Structure formats: structure tokens, C-alpha cells
Amino acid sequence: MTGVIFAAGIGSRLKPFTDFHPKALAEVHGEPAVVGVARKLLAAGADRLIINIHHFPEQIVECIGSCAFASKVTFSDESALLLDTGGALAKIAHDEPRILDEGPVVVHNADIYTNFPIEEMLAEHKACGADATILVDGLRSSTRHFLFDADGRLYGWENTAKGITRPDGLDSATLHAAAFGGVHILSPTALRDLAAIGCEHPFSITDWYIDNCAHRHIQAYTPSAPYRWHDIGTPEKLAAANL
């Protein structure tokens, strides 16, 4: 299993820390966030990790280089152009073609601290045969959320603050809303689709899921037991995670 960690973000909401450091090096429980996510993915069975980098990339390379698991990590360098989440995966699928013939790839945002069991999510992903499985929370308050049917299959997305629903004409009243949690698993079928797009321009994986859910099986996943979840993207949220 390959683990992918999104660590390229500029983190403008986490200033002043991100004026001098990448967001992924913000500390949670005494260690850089990217290190905690890496340890979690390795403990769940990942035999290698790919970390995308852009903002102060040399600091992340140096940090990971000092870790005991450094030999299991490669970097996807986006120094020239920040590709967003979808573009990042397209680049990785293009540059690392062997993952297209391997098992599922687990993707985890570096700025998400959570302690649910990845192993359970992997088991459900494999059992349902989805092209992608995404961590969601139907109780977390958000103006932007995915829309699923009763079986947890993705049908669309809406922004309640702006009154936008995608695809156009979708009846959200018949569907269940849930906020995305920044952890997802992609099968080789989805990765091949992304590789075919190419990595010349940035795009969001969220948009890709919405645009492709009619012909790709995108499945919701919610952990079976209570778990912690924190977005550490602002000083206040980082402090809450550490508390």
C-alpha cells in the first residue's frame, strides 16, 4: 500500500507561522503534523509514502530526512507550480506509474489531525469495490458538503451559503449531506483516470469527485466508533488540536 500526504499548501490562514515555515511542520502533540500523519499511515500498513511539497519544501525534506522512516519516503516536487489536490494526484500517478498496477492508495492531508483506524477504512473500501472512498462526517457543521444516497454513494455537492448545487438540477432534499474529512482512498481505476488528465494545470480532487460520480463509484466512509478530528489550518484550530 502507498500512502500519499498532501503537504504542499501555503497555509495563509496559519500566519505568522507560515511566513517562515510550511503548514505541514506545525506541531501537534510535540511533533510536526506531517510526521504524525506519516507514522499513522505506516502503522496502517503503508510500505512507502509520497509527500507533495511546494511551500518551503526544503524544510519538509530536512524534517523527514531526520526520521527513522526516511528511506520509505519520496517527494513529489511542486516547487514550480502548486497543483492543488487533484493536480497533485495526477502528477503522482504520472510520475509513479507502478501505483496504477498496485493496490489502493491512501491519501491524507497533512493539516488534518485524526485518530480513527485507517485499517477499518481500507477494509470497507476493499469490501465495497469503490473507485474511491472518502472520510465524511454528517454531523460536522459546514456550508460546503458532499451529497450521498442512502447507501453512501456520492451523487453531488452543495454550498448552502451560496445556494449552489452540483450537478445542476440535483434534488438535494432526497440525499444526505456530509462534510469531507481530508482522508480518502483511491483504487487504481481512479488513479488511471487522473493520470490521463495530465499534470499541467491545478485542479481540486473534490471537483473531480463531483464531476465523475455519475460513472465512478465514490463511497462515503464514517468510522464505526467515536474519533477525534481537527483541521489545524488556523492558530485557533491548531491550539484546539493540541488541547
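Tutor: Gladly! Let's start with a definition: a strand is a DSSP run of E with at least two residues, and strands are numbered from the N terminus. Keep in mind that this is a predicted model.

Student: Which element gives the most to the lining of the largest pocket?

Tutor: That is β12, with 5 residues. β12 spans residues 176-186, and α3, β9, α6 and β14 also give two or more residues each. The lining has 41 residues in total, with Arg 13, Thr 85, Asn 109, Asp 111 and Arg 144 nearest the centre. The pocket's volume is about 1,200 Å³.

Student: What makes Arg 13 and Asp 111 count as lining residues of that pocket?

Tutor: A lining residue needs an atom within 4 Å of a pocket point. Both belong to the lining, so each meets that cut-off.

Student: How do you know which residues of α3 and α5 meet?

Tutor: Contact means heavy atoms within 4.5 Å. On that basis, Gly 86, Leu 89, Ala 90, Ala 93 and His 94 in α3 meet Leu 191, Leu 194 and Ala 195 in α5.

Student: What classes do the residues of this contact fall into?

Tutor: The contact of α3 with α5 has 6 nonpolar residues, 2 polar and no charged.

Notes. Residues are numbered from 1 along each chain as its sequence is written. This is a predicted model: local features need pLDDT of at least 70, side-chain atom pairs count only at pLDDT 80 or more; totals for chains, interfaces and linings use all residues. Side-chain values use heavy atoms; hydrogens and water are left out. Helices (H or I, at least four residues) and strands (E, at least two) are DSSP runs, numbered from the N terminus. Ala, Val, Leu, Ile, Met, Phe, Trp, Tyr, Cys and Pro count as nonpolar, Asp, Glu, Lys and Arg as charged, and the others, Gly among them, as polar. On a 1 Å grid over the protein atoms alone, a cavity is a set of points where a 1.4 Å probe fits but cannot get out, and a pocket is an open set with protein on both sides within 12 Å along at least five of seven lines; lining residues have an atom within 4 Å of a point. Grid points are joined across faces, edges and corners, and a volume is the space filled by probe spheres set on the points.
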